[in-house]
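This report covers a sheet, a hairpin, a helix pair and a pocket. Please keep the model open while reading.

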Amino acid sequence: MPTTTARLTPSPPHPKLHPLLTILRHARDQKTLTHGLHLRIYSQINPTLGLGSSAALTIALTAALNRLHSPNLNLTHIHQQALEHTRRIQTLASGADLAASLHGTLHAYQINPTRIDPLPINQPFQLSLRYSGYKTPTAEVLAKIAHNMQQQPEHHQHLYQQMAHTTQTAINALKTHQPQTLYRALNHYQTLLVALGVSDPTLERLIKEATPQSYASKISGSGLGDCIVSLSATNAPPPTHHIPISLAPQGLIHHTP
């Protein structure tokens, strides 16, 4: 019988697997992964809520690959590696979402030099999210910001200085248990995000609708869609159409087989 040959072309991977495949390909190329791997991913995160699921997967896989070579996990090293992986996809990624997934609870994050400091969370409020109904990929938002910064460098430099000052005000308010100062800082930060160009009319409408029932509201992620996060009283229902959320008491969990 005649022999028939054909070229097999693999199907393109699902876009949501891109971060994981980037990490695995890098590990293969660096010879740190020399055998097959069976991954099981379990998630309780609603995919519409923008809660950093990609960052959580990046941290988990980075830690798992480290665990193949060492019984001890260095969290600082894992964050650094995970940020390098993320920046192969999103050049301007800050790593704040990676720090949140790695450590859990509430932390103050500084990018350069990297610092991740725990913050007290005994504040009289509850957290909730409301989805806008659409998303803009983070890479697109960051590219837009970078383009605008090239056009107006002085404006953006001044804006970032205000953001840094407002962030420090919020951190100090948490440390000294001054909730009203915290709420004012978060609301002011949202006005700075509007000036940065990452808010939009829909998000601003959702924030306005949440205002009567909340102490403070702002966009929860990179912006131009996704969610807003609101802080409201613990003894009252969250704003209308909001989903209550809570801070995870722990980040990365290492299970020994």
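The sections below start with the basis of the values and then take each feature in turn.

## Basis

The model is predicted, so local features need pLDDT of at least 70 and side-chain atom pairs count only at pLDDT 80 or more, while totals for chains, interfaces and linings use all residues. Residues are numbered from 1 along each chain as its sequence is written, and side-chain values use heavy atoms, with hydrogens and water left out.

Helices (H or I, at least four residues) and strands (E, at least two) are DSSP runs numbered from the N terminus.

An open sheet of 4 strands is ordered 4-5-3-6 with antiparallel pairing; two strands pair if DSSP finds at least two bridges between them. Strand 4 (216-219) and strand 6 (243-245) are at the edges with a single partner strand each, so one side of each has no neighbour in the sheet. From one strand to the next the twist averages 30 degrees.

Strand 3 (residues 126-131) pairs with strand 6 in the antiparallel sense over 3 bridges. Leu129 is opposite Ile243 in strand 6. Helix 8 (residues 201-210) packs on the sheet and touches strand 3, strand 4 and strand 5, its direction making about 15 degrees with that of strand 5. Helix 7 (residues 179-196) lies across strand 4 and strand 5 (227-232), at about 30 degrees to strand 4. Contact means heavy atoms within 4.5 Å; angles run from 0 to 180 degrees between N-to-C directions, and axes are lines fitted to C-alpha atoms, for helices over the stretch in contact.

## Hairpin

Strand 1 (residues 107-111) and strand 2 (residues 114-118) run antiparallel and are joined by 5 bridges. The hairpin between strand 1 and strand 2 passes through 2 residues. Tyr109 is opposite Ile116 in strand 2.

## Helix 3 and helix 4

Helix 3 packs with helix 4 (residues 96-103) at about 140 degrees, the axes being 10 Å apart. On the helix 3 side, Leu75, Ile78, His79, Ala82, Leu83 and Thr86 meet Leu98, Ala99, Leu102 and His103 of helix 4. The contact residues divide into 7 nonpolar, 3 polar and no charged, where Ala, Val, Leu, Ile, Met, Phe, Trp, Tyr, Cys and Pro count as nonpolar, Asp, Glu, Lys and Arg as charged, and the others, Gly among them, as polar.

## Second largest pocket

The second largest pocket is lined by 13 residues, with Thr32, Leu65, Asn66, Gln81 and His85 nearest its centre. A pocket is an open set of points on a 1 Å grid over the protein atoms alone, where a 1.4 Å probe fits, with protein on both sides within 12 Å along at least five of seven lines; lining residues have an atom within 4 Å of a point. By class, this lining has 3 nonpolar, 8 polar and 2 charged residues.
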